Amino acid sequence: MRALTRPRFLLAAALAGVAAGLIGIAMALLLEVFESLFYGVAHSALLERLAGAPPWRRALAPATGGLVAGGMWWWLRATGGVADVETAVADRSGRAATRIGLARPFLDAVTQVLTVGSGNSVGREGAPRLAAGAVAARLAARLGIGRPEGAILIASAAGAGLAAMYNAPLGGAAYAVELVMVTGMRRRGALVAVPVCVIATLVSWLHSHGRPTFEITSQGPSSGTVLGLVLLVPVAAALGVGARRLWSWMLARQVRATRWLPVAIGAAGLVTGLVSLRVPAVVGNGRDAMEAALGTRVPEASSGAAGATLVMLLGIVVLKPALTGLTLGAGATGGRLAPSLAVGSSAGAALAIALQASGVEVSISVLAMAGAGAVLATTQKAPIFGIVFTWELARAGVWTLTALIAVVLPVMLVTSSTWRQAVASRLRNLGMR
């Protein structure tokens, strides 16, 4: 513990937080540039860019981006590849951290953002995570920080990159602790991850101005919403497990021959572009799909409009995991956090609309948030991260946080044998006291 309070480590942690914040800003701005370039429409959200672009451009943008990204990954992987953050943190020898470098991770991160910006269906969170982790590894090496503390710093910086991009400091810290750090470092690592992620988030306010990713109206509990949350548990569990298995299956069969990456990723992009002509919200990482599910784009006027919205939401539930799996299987590097959020929020909103059609008053935004957190927690096998990160995206009040907990915990009990065993062991220990 003493090593974590030494001046050199404190300096490295502060610098890593600042760097992660600046990287988050840079990646957000770069994403806007790529979206404008590929769709020819400036200063709008992605779905608005699609609405303003001609059909041929909407169909070809993901294919073109996939072709270019495939070419860049062809070169990167054919010339030695890119070391990832998880390997650097788990490597007890410390050699993996020294091999990360800076140029190749940043080029890979830019390629990931290009892939998302052109409309391909993968998450963007891997880009700031990789770049921030690479900077932390370089800082640890330059300041002479030992392997255990260096691994904690790299993991914390990776979470800070995520925190900066989504304005979610506690979610970024939970990601670092629950998903990047390994057994034996999590307790100490949490003490580092939280301040590093807070610093990164504060720096990112230069761009986000402290606004949450989504803005929704907080609503109190109601009997209809409680019923919806109960019905959502099996739905979210099935979707989370299904998406996780599909993506794992596709990654296991991912295109390995580097020369085929441009064609494979370009073809996956073409499929995504053609599908987007009918279901526009499937493009990109899933942020716009979640925004629609949260109610900002859900019409409430007529039964016909509600029916069209329901079809759109169900289309995202079915197509988003399939297109994300196709893109990953084609060889693209990308995250699965935002696609998970898109699937879960769309399922929650669809269930809410169906209940409303049956005469049950229910909050669409609460069910959408709960569904997003439950599917995210299931695909990542990380309940704390799923709850905290999803709540921070909108900071929608205590009731929404309670709803997230009420859905995520039962879903984890249903889907995770490890979690069931841990809970059973905890209950046995309590009974013996």
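Where does K381 lie? K381 is found in the loop between α16 and α17 (383-394); the views below show this loop and other parts of a predicted model.

**Conventions.** Residues are numbered from 1 along each chain as its sequence is written. In this predicted model, local features need pLDDT of at least 70 and side-chain atom pairs count only at pLDDT 80 or more, while totals for chains, interfaces and linings use all residues, and side-chain values use heavy atoms, with hydrogens and water left out.

**View 1. Confidence along the chain.** The protein chain has an average pLDDT (the predictor's confidence in each residue, from 0 to 100) of 90, and 93% of the residues score at least 70. In residues 296-301 the pLDDT is below 50; beyond near neighbours in sequence, this stretch makes 14 contacts in the model, a contact being heavy atoms within 4.5 Å. Where pLDDT is low, the predicted coordinates should not be read in detail.

View 2. Helices are DSSP runs (H or I, at least four residues), numbered from the N terminus. Helix α1 (residues 7-39) has 33 residues and, at 1.5 Å a residue, should span 48 Å; its end C-alpha atoms are 48 Å apart, which agrees. The expected span is 1.5 Å times one less than the number of residues. G40 follows α1 and has a positive phi, near 70°.

**View 3. Helix α16 against α18.** The axes of α16 (residues 364-380) and α18 (residues 398-415) come within 8 Å and cross at roughly 35°. Axes are lines fitted to C-alpha atoms, for helices over the stretch in contact, with angles from 0 to 180 degrees between N-to-C directions. The crossing is right-handed, that is, the near helix is turned clockwise from the far one by less than a right angle. Among the residues in contact are M369 and G373 of α16 and W399 and V407 of α18. By class, this contact has 12 nonpolar, four polar and no charged residues. Ala, Val, Leu, Ile, Met, Phe, Trp, Tyr, Cys and Pro count as nonpolar, Asp, Glu, Lys and Arg as charged, and the others, Gly among them, as polar.

**View 4. Helix α11 against α16.** Helix α11 (residues 223-252) packs on α16 at an angle of about 35°, with the axes 8 Å apart, in a right-handed crossing. The residues that meet include L232, G240 and R244 in α11 and L367, G371 and V375 in α16. They divide into 13 nonpolar, six polar and one charged.

View 5. G66 is in α3 (residues 55-78) and is buried, with a relative accessible area of 0%. Buried means under 20% relative accessible area, exposed over 50%, and partly exposed in between (1.4 Å probe, protein chains only). Apart from neighbours within four places in sequence, G66 is in contact with S118, N120, P262, I265 and G266.

View 6. K381, a residue other than glycine, has a positive phi near 55° and is exposed, with a relative accessible area of 59%. R395, in the loop between α17 and α18, is not a glycine and has a positive phi of about 45°. R395 is partly exposed, at 31%. Most residues other than glycine have a negative phi.

Conventions: Helix = DSSP H or I, 4+ residues; strand = E, 2+ residues; numbered from the N terminus.
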